[in-house]
Amino acid sequence: MSHLLQLDSVGVDLGGRPVLTDISLHLGSGEAIAIVGPNGSGKTTLLRLLATLLRPSQGSGTVLGADLRGVVERSVRISVGMITHAPALLDELTVWENLVHFCRISNRPEAVIPRALSAVGLENVADLRVDRCSFGMKRRAEIAWLLIAKPKLLLLDEARSGLDIEARSLVDSLARLTRERSGGVVAVSHDAGDLSLDFVAVHRLANGRMERVS
Amino acid sequence: MSLWQQSKEVMRVDLMVEQRIGDTFRIVLPFAVVALMIFSLAIPAGVGDIGDVGTAVFWGVAILYGMQVALRTSMSETEQRKNIAMLLGLDPAARFLGRSMAAALLLTGFMAVLFVAMVLLFSPDLPVGWACPIALAILLAAAGLAMLATLAGEVASGLRNRSALASLLIAPLAIPMVVGASQVLESMTGNNGILIWILLLITTDLTLLVAGVGLSRPLEEASR
């Protein structure tokens with residue numbers, strides 16, 4: 001089983017303050033891992049590191065074969081999908097326009113947008129501006145995008161929080177599809193009960209340090 | 001998707017957003033016209049013909065208010081949007097080019113309307129054949145200011161006081177543009193050649209283009 005990501009004694013300092021210390025982690029293809037921890041424990045920073053948006057201050061690591069300490073190629077980044085705790089869409093555009101924009105920038109086919117919107121139940125509100133959408137609709141739009149993008153590495157940051165049962169099942173389906181394609185999933189949450197996948201490992205993060213709990 | 005196609009897509013979305021929120025023409029432009037009016041009313045009667053200072057006031061107001069137009073996208077960008085752009089594989093050079101092109105188009109329209117307002121308020125004696133040279137000066141100054149503001153926005157990105165810092169970066173670096181653009185009409189009035197001032201504007205624009213494209217990737221990596 002090949003490694004999708006590997007961290008060896010990684011530390012991250014932000015503004016001169018250590019946020020993550022001595023983190024070691026690995027994820028194989030088809031696997032999912034969970035990281036739980038209280039607010040401010042460094043979960044989001046860890047996901048940003050795994051998304052190649054941050055560089056480690058100490059230690060070494062690879063994500064999809066790319067060295068996190070070096071320059072990360074765009075071909076690696078477009079294989080990473082992330083759902084953050086606040087939806088990241090362009091508010092002034094409609095749901096449809098957001099997906100068209102994402103497809104064009106990342107060179108993905110626009111023809112699959114209707115099917116993706118239908119899969120998440122947004123086919124009737126595609127022309128609604130994002131700033132008029134509810135939180136749940138925005139989250140579904142992000143899921144629609146990730147169904148199109150088919151990431152190899154899916155990062156979920158409190159992705160199920162604040163969603164109804166149906167939308168939660170969409171997040172779970174997205175994670176399952178990613179694993180079935182030999183991808184990997186890293187899910188973080190402050191609430192262990194909010195994680196419903198079949199995880200190969202559960203880690204606890206506290207004060208920037210991580211320990212495996214199961 | 002090629003660099004050029006990504007740039008065009010960034011420009012398209014920037015202009016679409018601007019069309020919906022209307023910052024440039026519904027908010028900044030009316031304030032800039034009011035600023036021109038205040039100048040025209042504040043000049044003492046003993047100064048002589050206020051038309052003589054009209055173009056100088058125009059360029060001052062155009063650059064100062066134009067900064068707000070050119071900086072609007074960079075200043076409203078959230079960390080999450082920037083992250084998503086990186087994960088979409090958006091080339092930072094395409095982002096620089098796309099944003100600069102969108103800002104240049106908006107600034108050209110903004111300055112053109114402001115120039116008409118200046119003519120109406122100050123009634124300057126414009127030399128024969130002024131339209132083409134002033135249009136060229138506005139176009140080149142708009143492109144330069146757009147690139148400068150986009151670059152300053154990238155440099156100041158992520159900082160708490162980025163709005164103030166970006167403006168402080170732009171103001172001194174915009175001097176060649178202000179000098180070049182304002183001297184075009186001045187030289188025509190004095191029957192002097194304008195080529196040197198047009199060349200100054202072109203040189204400034206090319207320098208900013210090379211700097212913006214060249215620095216975009218290192219700036220993105222530095223933000224990691």
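This is a predicted model: local features need pLDDT of at least 70, side-chain atom pairs count only at pLDDT 80 or more; totals for chains, interfaces and linings use all residues.

Student: What mean pLDDT does chain A have?

Tutor: Chain A averages 92, and 97% of its residues score at least 70. For chain B the average is 89, with 99% at 70 or above. The model as a whole scores ipTM 0.87 and pTM 0.90.

Student: Which elements of chain A have the lowest and highest mean pLDDT?

Tutor: Elements are DSSP runs numbered from the N terminus: helices are H or I, at least four residues, and strands are E, at least two. In chain A, strand β10 (residues 209-212) is lowest at 86, and helix α4 (residues 113-119) is highest at 97.

Student: What is the strand order in the open sheet of chain A?

Tutor: Two strands pair if DSSP finds at least two bridges between them. Here four strands of chain A run β2-β1-β4-β5, with antiparallel pairing. β2 (17-28) and β5 (66-67) of chain A are the edges, each pairing on one side only. Further in, β1 (residues 3-14) and β4 (residues 58-63) of chain A share five bridges, and A:Leu7 sits opposite A:Gly61 in β4(A).

Student: How do I read a helix pair?

Tutor: Two packed helices are described by the angle between their axes and the distance between the axes. Axes are lines fitted to C-alpha atoms, for helices over the stretch in contact, and angles run from 0 to 180 degrees between N-to-C directions. Helix α5 (residues 135-149) and helix α6 (residues 165-180) of chain A pack at about 20°, axes 10 Å apart. So α5(A) is roughly parallel to α6(A), a label for angles under 35 degrees.

Student: Which residues of α5(A) and α6(A) meet?

Tutor: Contact needs C-beta atoms, placed from the backbone, within 7 Å. Among them, A:Ile143 and A:Leu147 in α5(A), and A:Leu170 and A:Leu174 in α6(A), take part.

Student: And how many residues of chain B are in contact with chain A?

Tutor: 20 residues of chain B touch 22 of chain A. On the chain B side, α1 (3-21) and α4 (79-87) each supply at least two residues, and α1(B) gives the largest share, seven.

Key: Residues are numbered from 1 along each chain as its sequence is written. Chains are lettered from A and ligands numbered from 1 in the order in which they are written. Two residues are in contact if their C-beta atoms, placed from the backbone, lie within 7 Å. pLDDT is the predictor's confidence in each residue, from 0 to 100. Angles under 35 degrees count as roughly parallel, over 145 as roughly antiparallel, 65 to 115 as roughly perpendicular and the rest as oblique.
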